[in-house]
Structures are given as structure tokens and as C-alpha cells.
Amino acid sequence: MLDLIWLVPALPLAGFLILVAAGARLGEPRAGWVATAFTSASFVVTALVWISLLGRDAENRVFEKVLFDWLPAGNLRVEAGFLVDPLAITMALFVTFVSSLIHLYSVGYMHGDPKFSKFFVYLNLFVFSMLMLVLGNNLVLTFLGWEGVGACSYLLISFWHTRESAARAGKKAFITNRVGDWGFMLATFLIFTTLGTVTYTDIGALAPNLAGGTATAVSLLLLVAAAGKSAQLPLYVWLPDAMEGPTPVSALIHAATMVTAGVYLLSRMSPVLVHSDVSLRIIAVVGTATALFAALAATAQHDIKKVLAYSTVSQLGYMFLAVGSGAYVAALFHMITHAFFKALLFLGAGSVIHAMNDEQDMRYMGALRKVMPITGATFIVGWLAIAGVPPFAGFWSKDDILLAAWEMDGGGGLGKVLWAVGLFTALLTAYYMSRQVFMVFYGEAHWNEARPAPATDNDEVDLAEFEGPPETVTVEAHSEVHPHESPWTMWVPLVVLATGAALGGLLNLPVIGDWLFLERFLEPVFAGTMHHITAGTGTKLLLAAIATTGALIGIWFAAQVWLWRRVDGRKLEPRLLEDAFEVDAAYARFFGGPGRATAQLAADTDRVVVDGAVNGVAQGTRRLGFLLQPAQSGLVRQYAIGIAVGALGLATWLLIGAVA
Amino acid sequence: MIPVLGQVFTAPSIDWWALAPQLILLGAALLILVVSALLAERCPAWFSGVVALVAGAGVFVSGFYLWYDIRDSGPRSIVSGALSLDGFAVLFTLLVAVAVVMTVLVADAYLEREHMDSPEFHALLLLAATGAIVMASASDLIVLFLGLESLSIGLYVMAAMQFRREEAQEAAMKYFILGAFSSAFFLYGIAMVYGSTGSTGLAHARDYLNRLDTAIVDQPWMLMLGFALLLVGLAFKVAAVPFHFWAPDVYQGSPAPVSGFMASAAKAAGFAAMLRIFFVAFGQSRTDWSPVLGVLAVVTLVVGVVMAIIQTDLKRMIAFSSIAHAGYILVGVQAGTSEGTAAALFYLFSYSLMVLGTFAVISLVQWQDGQPLDRFEGLADRRPLIGFALTVFLLGQAGVPLTSGFIAKFLVIKAAVDERTWWLAIAAMVISAAGAYIYLRVIFAIWRRPGAVDEEGGEPVAAPVVPPASGFAILGAMAFTLVVGFVPQFLIEFARDAVPVLLG
């Protein structure tokens, strides 16, 4: 059964190829069904592999399947092989599961889009790349998947590329991710030069030989890679903009799967990370800072998807905190529960946007619970899960992370500080999610209120001009809105994900003495690198109680402001927060100023020197071609002369060689 | 025992099984000729094609049988030293079988559309294929020459078969005259080798060179002259510069399926002979011929690529590109090592499938004014699968990773690097980069959306009918190109096992 592992990525690849060849002919909705079928089949195979892996002893749950030598070049051997261990199979399971649901959802969501089949082409290619990323048995293969998901992300963000903002967002994601890729490549080179291998099992075995400095360098480079892909400070800027893509894409790629690749990479390389306490601490600090920063920004967003985007950045920060504390299982646990509830929230948001005729501003929503009962109910489940209300999934995984931070043996009580910040972030999370739920699903309907005229272009116009009251010119684009529940293809995934978000905690429930299924399953992978919780039951219960109280305070406060309207919400939302501390603007200014000048210089050099050389070669080639052309005259006698001259040349050379 | 001129001639004992591929091809050709002549008008149209197809498949199967036979009982010399039965010969037998099957499949609809006589076409194809296999397995220069001529004469006529088209007549005539010219060189080369070694057997030549090393023999100049002249004849066959002039005119003028056969099986047979003569028999004097072949490779590469770039006719462009590919294969041959030979074999096998596929796509369309590139615009739009397949073939020829072409280029260049002929490796890489332009141009053209209607004839742009047989052949070649690109190991090992040995 384990041998079937190659089918897991092969199935989405087959779907991709079929759709490339015949997607346009299949058309809507058949192209969508084909894509969904192949992804679901991949999930079924993954589940079968997982079951047969469970059949083995806990210590023997590692299986390597090498298909062939891919790049035999000198002493660098890169195999095309799969590494099936608990970590990889856990990733593959939730990736294929969530992907299948989101494929199904997209069949409804993309209804009527002129590029319907192309959307599924990209989606299947994405699933294939993501599976190569998690199943590859070496860094190079993972990098192949890493680049693949990046390319798909870029293509899907700018899927509606006729929209200027979508095209720009795609470009931004692409460029920011380049920085991360650079880190990945350097880390790979460094690993190869020091250890002489790029295969994970060998790296695991040889890592103890690494010098401390090298381990730190590799770890930090991996952090750069992970920060790019998983949108951590300071490289997070592309993720909020990535919301320009279709909502299923935001749910699948920019919430549930691709953005967790960074966490996966760090977990996979834990044998190296463990040799560098410094970098573990840096990872924890970066994660915590990102979590807090993004949560603050999320409290002041008006776009329903932007809130979720910042929230994703923030939750990924938690996972980094977990990795930095050595709590890899907690990181993966949170990754899984997060995949459930964040995909659920995004798909719910998509359902809302769909119903509201593409309106994304939460100020013009409200009271949708009544007209969209299923979307409303499932969204509320997602909200309670992310807010950390027991017994929903998010509570358990977040609690694990905070507990690990509490116990982190950083010098000078670093762990306690990170714990406190994490706790405060949890409070903020509960607040901004409640705010969203109250604005969208409760209160009064604002569906058909007049919108202020959009500021034509924020980058160009001085903000001071807009100090006065917002103009209330009605924009014609929004005709009467009549929200309605979405088709079954859209709400079925919502219900399934809501079940996951509600019950996901069962995966690793600490209450029933021996359960901790996920931890037991994953433990062999992180043997020797993982931090084991030492706290007694009393401490655990106390911390959990504090976290729950924090979450409830956040919800209560949001209710004060947004449900009962006892406080004016606008005062809580300074421009600074809405603009996410102006980081984007600062980047824009830097890259617009000195950065642009540098780029211009590089571009000029490129045009004059490099292009000049290339064009020169091209022109020279053509000129040489035209010079030689007369020889190809079509006259047999000239051809014969060619042969004769050639014969003479060969004979002379060989004879001279013989005589000399 | 029959006394001949006072000597006793012993009829050689013949291992008939080992000759199965040649016998199948000959038998099928004769069957086609006899039946179609006897039945004349009553002979069903499908008859010759089916026989040729079955013969091709039969050769393929017998090739496999022989492969395992050799693996069990080792390579051996058959027909008293005239032919060798070794992995090398079998590899080329399989290659020729594939080329025959592909050509028959592609030619099926082509012959009907162009109103050409199919029994003659198929019979000639099978005879030419016999010649190619004989060339690849010959261990005597005279036998080799017989194979060369059987192959060439078949091809001369096949090139002219579209006798209603003037270009075809012209192409065949040029091919014939120049072919005869170069055959004369080859034959004279055999005479020189005979004159210096006293035999036309390749084993004798090797023994002679061994003695040369120990300075028992002097005067190697006659042998060197023989080398040069043999090389001329074979360089003509594989279309190396400056013996290449015929190739563009002939490829362009011949029916597209025939061009495909020339670029694959005929070229492969030429290289088979070259490898057997230079690598096996004259391996001792590698230092003499290796630089010559290296220079020949670079000149061939440069001229092939540069001339391909300025072409506007797709068929002619592929013809020049085929010249350039001969250059890459020469890079592998000149290394003179087992690795280089294996690389050349790998290259020949993968390139043959790509070029057969390319000409199969080209054969789907035929205009009065040839195959101008701009007529192919929008092909991928109208026939996505065919467009995709052509893209794969072109990317493969450009040497893009994940196609067999990449591995092939990688292996030949690696062989040059291993032999420390840096200049050659670097030249091949640079030219390869420049050469990618040729194929990208075609790929852009076929994926570009067409400009609605052609302004002159008002003829709608490329939406060819795809006959099932051609489609099958094209998809097969595409699958091979991709599979070898992903999983090259089996073909690499096959090529390594097929590196020739000389049998005494």
C-alpha cells in the first residue's frame, strides 16, 4: 500500500494534464468536476497510505520510495523520491482533504467565469506542487514544489489580471517571495557543501556534525525562506494584497496550505535547528512579533477578506512561535486546526461576497445571518474556533503553543514575555473576529447604503485633502443587493470544514489521559529535537483558564462596540492601524526612491551591456546566416565542391598527423 | 566445399535466427512486391501498409529476443565475420524498427492524400531499413558498403515518389548525384584500408593498428587516407558540415514522412557505421581522429544553428536543425570513450523519436508553397493536443529539462568534459543556448492566435485533419520524449549496455 505514494502527486498532475489538453472543450462545469475528482482520488490514496503507515510500529513509520536518480551530477545526487513519515503524511492528508473541499466549492464559486477551466488547471497544478513540496525526500525536490506553488500562487492572485490591482498584487507576491527563495537556495547550498547531501534522512543523521555557526547560518537562511512563503515580518506584505485573487484561492493557498510551507520546512529541518538555540529564539521572536503586529492591523480593516488575511499572518506567527519553542507538534496541530477554521472563514467570506454581488466592505453588510443561515452558522463555528473558545479546535492548538512558550528556556524570562504577548494577541484575535462576525452577520442590514466615492488613487493623492467628511456620492456599480444562500457545492464544504473546526481538537486532546493522538503519531519524527512539556496539571489548567478568560474579554469588548454599539468603533480604528503601521507605504517609498534608482541603474546596465551583448550575438548570428546562405545555392556542382573541399581538408589533416 | 579459383571456399555456417530482423524486412518487402504485382488492381489498398507495419513490429520483437539472447550467451560474430550480433546492432535494429513503424503510420493518410503508390513506397521503406540494419551490424567494410547502398538507393527513390511535385524530383536528383559522389569516396577509402591492412575486416584493421603501436609496421599514411575517405562517406550520410548541402534541399523536397525517416533511421545508420569504424576498429588511434571529429562537430553545430535561424520554411528549418543535432552527436562520438559512445546512442535514440514526431506533425499539412512557418500560426489553438506534442518535440530538440533532449545534450557534453575537451564542451553549450531560439520561434508561432484568414488564398489557417494513425504515432513519440525526460535511467542503461565490442 505504501508503494502507492507516487499516485498522490501523480493524480493531480494527471488532472492538470487532462485539463491542459481538453479543459476548454470540457468547459463548465465538467472541467471543475474532473479537477475535483482527481484531487479527491489523491486524498483517498493518501488516506490509504496513512492507514498502512499506522499499521506499522511507531518507530518504523518511515518509508522512502526512490523512483529514480533525477540529477546524477558528480557527487551531487538528487533522487526523485518520496519520504513518507508521519510529518509528511499528516501534511499530505490535510492538504488533499482541504484541497478537495475547495475544488468542490470552486465549482460553484467560479460559475460563469470565462476562464473557468483555466482556473482548475492552475488549481490542480498547485495541488501537485504542494504535494511534491511535502512528500519530496530532499531539499531540491521540496524546492521544486516550493517554486511550483509560488508560480501557481502568482498566476492565481493575478487570475483576473485585467484588474490593475490584481496584476500588481501578483507581481508583489512574486517579488517578495523571491527574497525567501534566495534564502532557501543559499540554505540548500550551505547544507550541501557542509554535509554533502540534500536528502532529509541523511541530513538528519549527519546534522550533529554541523558546527554551531553553520547550523545557525542554515537556520537563519531557512527562516528567511520560511518568512517569505509564510508571510512573516518583514516579508508579510504580499499576503494581504494576495486577497485580490478569487476567494477559493485565498482559502486554499493563502490560508490553509501554501503559506504553511514555511512552517513545514522549519519542522522538516528540525535536526539542524536544534543545534542553534540562537536561531530558535529568533524564530520565536519573529513569530510572536508578527502575530501581534498582524492582529493589531486586523482590528481596523474594513474589507472582509483583509481581516482574514491579517489574521492568517497572525496565526502563522503563532506557528513560528511554536517552532521556536521546540513545540513542533503544537505547530503542526495549529496548522491543521487553522487550515480547517481559516479555510472555513474564507469560504464563508466568499459565500458572503458572492451573495452581496462582490461587495467586500463589511460596513455595507450586516444581518446576513437571517438570509444566509448555513453560511452564518458555519462562520460562527469558525469564529469560535479561531477566537479560542473551548471546546472548539483553535482553543486546544493555541493553548498548546502558549504552554510551550511559557516553558521556553530562553534567557531572562524570554519565554514568559512571549507567552504574555501571545496571550494578548489571543485577546485581540477574539476581538477582531467578533467584530467581523457582528458587522457581517448581526446588527442591521446596510446592504444598499450609499458608498462614498472611491479615492481615485491613494498613492498619488495627498491624504490631507481628505480630512473633510467623506463625500456621499452614490456609486452606480452597486445596484440593489438581495443576498441569498449559496448553491450546495458551496455550502457542503462549509459544513464539512465547520465540523473539522469544531471537533479538530480531538486530534490532540490532552484531557483524556492517554489520547494525544497527533503527538504520539508525530513524536518519532521529532525525537531528540522536540521540547517535552514538564508543567504539571495545575499549571496547565491555570494557563488554559487565563487564555479562555482573555478570549472571552475580547469577545465581550467587541460586543460592546459592534453589537450593542455602546462605544463608537471609529475611535478605536486609527488610520495607522488600518494602514498596518504604514509598512507598505514605507516599502513603497523606499522602493520608489533609492530602490527605484538602483533598479533603474541595474535596468540601464542590463539594457546597454547585457541586452547589447545578447542582441549583438543575435544579430551577428543572423548576419552570419545570411553570409553563409549563398553557399546553399541549390546547385549540385557547388554542393559537390563542398564535399570535395571537405574531403581534401580531412585527408590533409589526417595525413599531416600521420607523417608528423 | 566448392573450389573457387583454386582456393577452397567454405560456405559459412549461418545462424539464421540472428538474421531474423533482416530476413523479416526482406521477406515482407518481397511479399508486398509479388502480391501487389500479381493482384494489381485487385490488391486491397491497405495490404502493403499492414504488411510493412507487421514487419516493423516483428523486427522490434525479434530485436528484443536477440537482446536477451545476447545477454545470455554473449555477443558473437555471425556469417563468418561479416556481421556482428551485439547489443550495439540490436539497439539500432530496435531504432530502425521504431522508425519503420512510425513512418508507416504517418505515411498512411499522406500517401492517400498525395495520390502516391503505396506498395512501392512500403517495399522501398523496408529495403532501406534492411540496409540500415546491415550498416549497423556490419563488421566488414564491404558488407557495410552494401548496407549503405541498399539504404541510399531506397531513399533516392522514396525522395522522388511525389513525382507530381517538381521539388521532389529535384531533391531526389541532387540526393542521388551527391550520394553517388560520396559513395565513391567511401569505396576508395575501403580500398585504402585494404591496401594498408590487407583486409576489409574491421578486426584485421584493429590488429594492424596494434602492431603499428609496436612499430612493426610503418607507412601509416595510406591507412590515414583511408580513414579520411571513409569519414567523408559517413559524414555525408549523417549530414555533417561541409558534406551537408544536400540535406536541406532533400528534406524540404521529399515527402515529410520520408524526411522523418532520413533524419532518424538513415542518420542513425551513418552514426552506427561511424562508431563501429572509429570507436571499435580504429580506437587505437583515437588521438589522430578525435580532434578532427571535434572540429567537424563545432563547424556542423555552428552552420546548422545559424542557418536554421534564418529559415522561414518549417521543413527546411528542421532540416538545418537536424544538421546541428548531428554536431551534438559528433561531440559524443569524438570523445572516443564508452561514455561518449553511450551518450551518442542515447542522443540518437531520443532525437530520432523527436524528429519523427516533428515530421509527423509537418506531414499533416501541405501547401503549394511548402511549409512556411507563418502558416502554422494558431495550430495549437485549433488542435491543442497536436500543438502540445509539437511543443514537446521542439522543447526536446532545444534541450529543455524534463524532456529526453535535455538528458541527451547533458550526456554528450558530459562526455566531452570527462575527456577534458573543454573548448568543445563550452562551444556546444553556447551554441545550444543560441539554438534554442530556433525552436522557441516555432513554439511562439504555433501558440500565437492566428490572424483569422490568410490574405492571399483566403485559406483558413492551420486546422489540419488528424488521421488516427498519425495521431497515435505523434502521441507515442511525445510520450517517449517526456518519459525519457522524467525517467532517463532505463535508456541510459540500455545505451551503456549497447556500447559496441569488436568481435574477431
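Helices are DSSP runs of H or I with at least four residues, numbered from the N terminus. This is a predicted model, in which local features need pLDDT of at least 70 and side-chain atom pairs count only at pLDDT 80 or more. Residues are numbered from 1 along each chain, chains are lettered from A, and side-chain values use heavy atoms.

- Of the 20 residues of α4(B), 18 are buried (under 20% relative accessible area; exposed is over 50%, partly exposed in between; 1.4 Å probe, protein chains only).

**Salt bridges around B:K174**
- Over all chains there are 20 salt bridges (a side-chain nitrogen of Lys or Arg within 4 Å of a carboxyl oxygen of Asp or Glu).
- B:E170 and B:K174 pair at 2.8 Å, N to O; they are four residues apart in helix α6 (residues 166-197), so about one helical turn separates them.
- B:E170 is partly exposed at 43%, whereas B:K174 is buried at 5%.
- B:D249 also bridges to B:K174, at 2.7 Å, N to O.
- B:D249 lies in helix α9 (residues 246-253) and B:K174 in α6, so this pair ties together parts 75 residues apart in sequence.
- B:D249 is buried at 12% relative accessibility.
- A salt-bridge network links B:E170, B:K174, B:D249 and B:R316.

**The B:E339 to B:R496 pair**
- These side chains, B:E339 and B:R496, form a salt bridge at 3.7 Å, N to O.
- B:E339 is partly exposed at 37%, and B:R496 is partly exposed at 39%.

How values were computed:
Helices (H or I, at least four residues) and strands (E, at least two) are DSSP runs, numbered from the N terminus.
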